[in-house]
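Hi there,

Here is the structure I promised to pass on to you.

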Number of protein chains: 2
Amino acid sequence: VSDNDTTLAQELVNPLHNADIADLFELVDSDERAPLAAALGDLVSADVLAEMNEHVREDLMDALDASQIADLTEQLDTDDAVAIIEDLEKGEQQAVLAELDAEDRAAIESALTYDEETAGRIMQREFVAVPEHMMVGDLIDYLRKNDDLTTEFWEIYVVDPAFRPIGTCQLSWILRTPRDIAIADVMKREQSLIPVNMDQEEVALRFQKYNLISAAVINDDGRLIGMITVDDILHIVEDEASEDVLLLSGAGDGDINEPIRNSYIARVRWLIANLATALVASFVIAIFGAAIEQMVALAVLMPIVASIGGNAGTQTMAVSVRALAMNELTRSNTRRIIGREFRIALLNGATIAVLVGLGTGLVFANPMLGGVIAVAMLINIVIAGFAGIFVPVMLDRLDQDPALASSVFVTMITDTMGFLAFLGLAVGSGMVSL
Amino acid sequence: VSDNDTTLAQELVNPLHNADIADLFELVDSDERAPLAAALGDLVSADVLAEMNEHVREDLMDALDASQIADLTEQLDTDDAVAIIEDLEKGEQQAVLAELDAEDRAAIESALTYDEETAGRIMQREFVAVPEHMMVGDLIDYLRKNDDLTTEFWEIYVVDPAFRPIGTCQLSWILRTPRDIAIADVMKREQSLIPVNMDQEEVALRFQKYNLISAAVINDDGRLIGMITVDDILHIVEDEASEDVLLLSGAGDGDINEPIRNSYIARVRWLIANLATALVASFVIAIFGAAIEQMVALAVLMPIVASIGGNAGTQTMAVSVRALAMNELTRSNTRRIIGREFRIALLNGATIAVLVGLGTGLVFANPMLGGVIAVAMLINIVIAGFAGIFVPVMLDRLDQDPALASSVFVTMITDTMGFLAFLGLAVGSGMVSL
């Protein structure tokens, strides 16, 4: 496409949806992105930029000056404009803001005063709010006459004189109601109001739980200041859930478009932490060096105890992390869930202990060794069950993300306890001596 | 709450949203659920059941007979009714269907003919479709007069005489348009039509990519037969992303409300698979038994090589699995992503190799041992990088879920190759002999 045949490129891309054009940029190599943007010209609209992966967008934005960026963001709703501007460096942010017209600048500056990943950042300031005594007919006339209202809304908010939301009205209800009925009689008074400082993950849970399409955002005084729509929430749900997969593995941002330097730094940090925890396991083995010299079969079997224990711990941990993320695991049922995991661990532990014990006893013609590994396996799987639930719950109570680092701690516990139980029992049973 | 004080219980629960009442059932022990339902009586409406976790709902449904279940499902939209009925056993399904009135029965039976987790199962049959020559005013009159239309819709579909969708119209556009304009002039012709057999994960990706609020579902002839709304998609996105976390760890369904028996079976299967793969690693160690007897430090250091390699492999795997799930990793950029992961692996490998090599050389006062573990570490991290991307991509090309089983395979590769590289180099360097 990029053989300098600009017209052909534009013809091919023209029928595509903005999101598809954005995808095209993600698929090509990073050094082809600027030439592609040049070839497509005006087809790379503000909406295409808004759809783009942030790392890919940064590649393109570097080539633009502040006034070009300002022109682009002025065409977007506040939430999309903020998403683009918040990624810029401080100096460039100021330059772009200076280029914006006063109204847009005020809206974006006020959005930037809220913390990242809160409702204040993801809300848009374009919404429709009306007083409760308005008639359905008057509302329709108002919507028809005011050209500067947003066209993208799914519900309207009904507010009191102090601009505090008192009800929500789906557009379908308005369309199905005669002109002479008051809005107050159509609206639903039961609402899910979102405080402007609420964490976006919490906002997403509200949308899921109450099946919301849009929600009113209020400030500390309870005044309506913005609206969040479900299409933005869809991306947040996807991102937060992906974050759990990636944090659990210590892969950082985990975006395939992230610069290699960032990925390296994010990942190597966890590998080094893992190195530190692996040392603990090595230290345990070192204590039993003499025992291993007497019976090398212990060294052969060690990884089995550690590996299966680690897997069992990871299973429980994944379940706990997701349950915490979805607010299903709370203080009131932690005890019950621990009991549940303990019973599953006993069942799993008993099954694996029998298999490994019999297998080892037969292969090494040593029933005592089979017994030792069976008991060690059972102990380690039960410990893994506790660690898999205890570590994420503790991190959560300490206001840390339970997905972060859980994996490294749980594996450290299962490795160390596995080696300790197995080698300790081997010595304790008199098979080998220290 | 459940001290037999029914009135108090009802008073406390009455102001709660349906979703909150459903949550209440999830929080209490499973043997308290039936008494709670009895105490709450009519407050446990069909909508509360629809909001409930499926395992919790099954607990309650067991106590109901077919006609009671039929009464409840008749109050729901087809998609929610199908979600309840599809979980019943075959015989009970038939009994419930027989109790439904003819129209509902036909709708639900036809939904059940589509495969699980496809658009046909999650769509609702209640939607608004109008011909393109209709005027906005006539449309509003039509909506006001027809009481049996659904009240929950966000867009209307414009269809040709053969009932094939030709455009979509947001309700906000209709409200902002004068009565004498034809719908054809307001609607958007660019649409995302969903084939009825499309996998729900694919449907969710469409919604995310094109920021959809609702989408028309068409049959093989292109006729409009249903509608999917974004609130259902939100649950699917959450479920599919959770599924990846849980499948990666081999934790099965991973729902904390799942019966223990099911959880045990799902998890122990993967532990046994893990046992089989751990045997491969043990076999490698067994080959080098003589070497370990000569230098027990090898046994002490082995877990470090395996553990960090495993972690590096898991990082790359998590990134690949998420990229595959979001359609970001395709045939056209696989080569580029492999190159990217290779470079990150080299950086990570070199960093860890230097740290581990120096540390080992100093602690054991054995520079040769330090060199051996450094090279083994580098090799294992690079192999981990390839395995972390190769295994999920292969599973995906074979039409398997890339999250499933990737973890067990990748760990097997990093364990085995780690031990092989480390012990093999120790022998090859002449430090120890076989």
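Below is what I found, starting with how the numbers were made.

This is a predicted model, in which local features need pLDDT of at least 70 and side-chain atom pairs count only at pLDDT 80 or more, while totals for chains, interfaces and linings use all residues. Residues are numbered from 1 along each chain as its sequence is written, chains are lettered from A and ligands numbered from 1 in the order in which they are written, and side-chain values use heavy atoms, with hydrogens and water left out.

Let's begin with one chain. Chain A is assigned domain 1 (6–117), domain 2 (129–245) and domain 3 (259–428); such bounds come from an automatic or database domain assignment. The centres of domain 1 and domain 3 of chain A, taken over C-alpha atoms, are 47 Å apart.

How many residues does each chain bring to the contact? Chain B and chain A each give 117 residues, where contact means heavy atoms within 4.5 Å. The copies meet through the same surface, because 100% of the interface residues of chain B are also interface residues in chain A.

Together the two chains bury about 10800 Å², 63% of it on carbon and sulfur atoms (buried area is the accessible area, with a 1.4 Å probe, that two parts lose on being put together, summed over both). Leu175(B), Arg176(B) and Ile256(B) supply 9% of the area that chain B buries against chain A, more than any other three residues.

Finally, the salt bridges (a side-chain nitrogen of Lys or Arg within 4 Å of a carboxyl oxygen of Asp or Glu). One salt bridge joins Glu238(A) to Arg322(B) at 2.2 Å, N to O. Within chain A, Asp141(A) and Arg179(A) form another at 2.7 Å, N to O.

Enjoy exploring!
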